[in-house]
Amino acid sequence: MTELQQAPITLALSKGRIFEETLPLLQDAGIEVSEDPETSRKLILSTNQPDIRIIIVRASDVPTYVEYGAADLGIAGKDVLVEHAGGAHPGALYQPIDLQIARCRLCVATREGFDYEAAVQQGARLRIATKYVRAARDHFAAKGVYVDLIKLYGSMELAPLIGLADAIVDLVSTGNTLRANGLVAVEDIMPISSRLIVNRASLKLRRKKIQPMLDVFQRASQETIA
Ligand code: ATP
Ligand code: PRP
């Protein structure tokens, strides 16, 4: 057996909601993770199955680990995948399953009282603050709206409140964060959920080990939809 065939299957997850929402899917398949990443400082977690391990990475780094084959599989939000599109190795990522977890919407939001429709119709050049620069650029380009994009890494809701931007592009789930900051969603860009991503070369070379994992996630996603 080659070294690669002997190595455990590596699944890249981010801590927080993706880890928490993936755990029950793994448990349904009899896969128990050894430690809780919220309390452990470990970044490589073993499971009760010697040939499956979990690595804990930043949400936006998951596609990178899978693209380079450092992880065989990963779970990432569509928002992250849209921003990552192309990557360093185009075509290295296979996206077979929408797991329907970590669901939310990517939206345009403004201060209450800001007339977004009028601004768009008047052809105003809008300043948009966002972490999702590629998705925002594509959205406004498709609408034919000129925008200046300002890249932020978090707390986007602050930007319209203190005059950094006219609007933000951010994820909305319950709407609590927008409401708490006197903002309203004025346009939906796309629904978001998390996808299983697979390194194409791993899939080809390690199909025997990876296929059962794909089957587990496929069944789990069908149960979520049902
Ligand atoms: P990073 O650490 O790389 O900056 P992050 O802070 O966005 O990423 P999380 O907050 O854990 O990471 O979000 C992980 C994924 O969960 C996001 O990419 C998105 O797909 C989804 N998500 C984000 N916010 C929500 C929400 N409020 N409700 C449901 N799903 C969400
Ligand atoms: C996300 C997103 C919004 C919030 C929306 O942030 O960036 O701020 O969720 O959710 P809501 O509509 O249910 O309020 P998150 O909680 O992930 O915090 P973050 O800033 O660490 O990404």
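## Shell around ligand 2

Two nonpolar, five polar and three charged residues make up the shell around ligand 2. The model described here is a predicted one. The shell consists of R17, E157, D170, L171, V172, S173, T174, G175, N176 and T177. Two elements, strand 8 (167-172) and helix 8 (176-180), each contribute at least two of the shell residues. Strand 8 provides the largest share, namely three residues.

An N or O atom in the side chain of T177 is 2.4 Å from a ligand 2 oxygen, and for the side chain of T174 the corresponding distance is 2.5 Å. In the side chain of D170, an N or O atom is 3.1 Å from an oxygen atom of ligand 2. On its own, ligand 2 has 500 Å² of accessible area, of which the protein covers 61%.

## Shell around ligand 1

Ligand 1 is surrounded by 16 residues, and R17, R58, S60, D79 and K131 are the closest of them. Divided by class, this shell holds seven nonpolar, three polar and six charged residues. R17 also belongs to the residues around ligand 2.

For S60, an N or O atom of the side chain is 2.7 Å from a ligand oxygen. The side chain of D79 likewise places an N or O atom 2.7 Å from an oxygen of ligand 1, while for the side chain of K131 the value is 2.9 Å. The protein buries 78% of the 630 Å² that ligand 1 exposes when taken alone. Helix 2, helix 4 and strand 5 are the elements that give two or more residues to the shell around ligand 1. Of these elements, strand 5 gives the most, with three residues.

## The largest pocket

Where do the two ligands sit? Ligand 1 sits in the largest pocket, and ligand 2 sits in the largest pocket as well. This pocket holds about 1200 Å³ of space.

The lining of the largest pocket comprises 42 residues, with R17, D79, K131, Y132 and L171 lying nearest its centre.

Several elements supply at least two lining residues each: helix 2 (17-28), strand 4 (73-77), helix 4 (78-84), strand 5 (93-111), strand 8, helix 8 and strand 9 (183-199). Which element supplies the largest share of the lining? Helix 4 does, with four residues.

## Backbone: positive phi values

Most residues other than glycine have a negative phi. Q100, which is not a glycine, has a phi near 60 degrees; Q100 is located in strand 5. As stated above, strand 5 also contributes to the lining of the largest pocket and to the shell around ligand 1.

S155 is likewise a residue other than glycine with a positive phi, in this case about 45 degrees. S155 is placed in the loop that runs between strand 7 (147-151) and helix 7 (158-161).

Methods. Residues are numbered from 1 along each chain as its sequence is written. Chains are lettered from A and ligands numbered from 1 in the order in which they are written. This is a predicted model: local features need pLDDT of at least 70, side-chain atom pairs count only at pLDDT 80 or more; totals for chains, interfaces and linings use all residues. Side-chain values use heavy atoms; hydrogens and water are left out. A residue is near a molecule or strand if one of its heavy atoms lies within 4 Å of it. A polar contact is a pair of N or O atoms within 3.5 Å; within protein, one must be able to donate a hydrogen and the other to accept it, and residues adjacent in sequence count only if both atoms are side-chain atoms. Accessible areas come from the Shrake-Rupley method with a 1.4 Å probe; for residues, only the protein chains shown count as cover. On a 1 Å grid over the protein atoms alone, a cavity is a set of points where a 1.4 Å probe fits but cannot get out, and a pocket is an open set with protein on both sides within 12 Å along at least five of seven lines; lining residues have an atom within 4 Å of a point. A molecule sits in a cavity or pocket if more than half of its atoms lie within 2 Å of its grid points. Ala, Val, Leu, Ile, Met, Phe, Trp, Tyr, Cys and Pro count as nonpolar, Asp, Glu, Lys and Arg as charged, and the others, Gly among them, as polar. Grid points are joined across faces, edges and corners, and a volume is the space filled by probe spheres set on the points.
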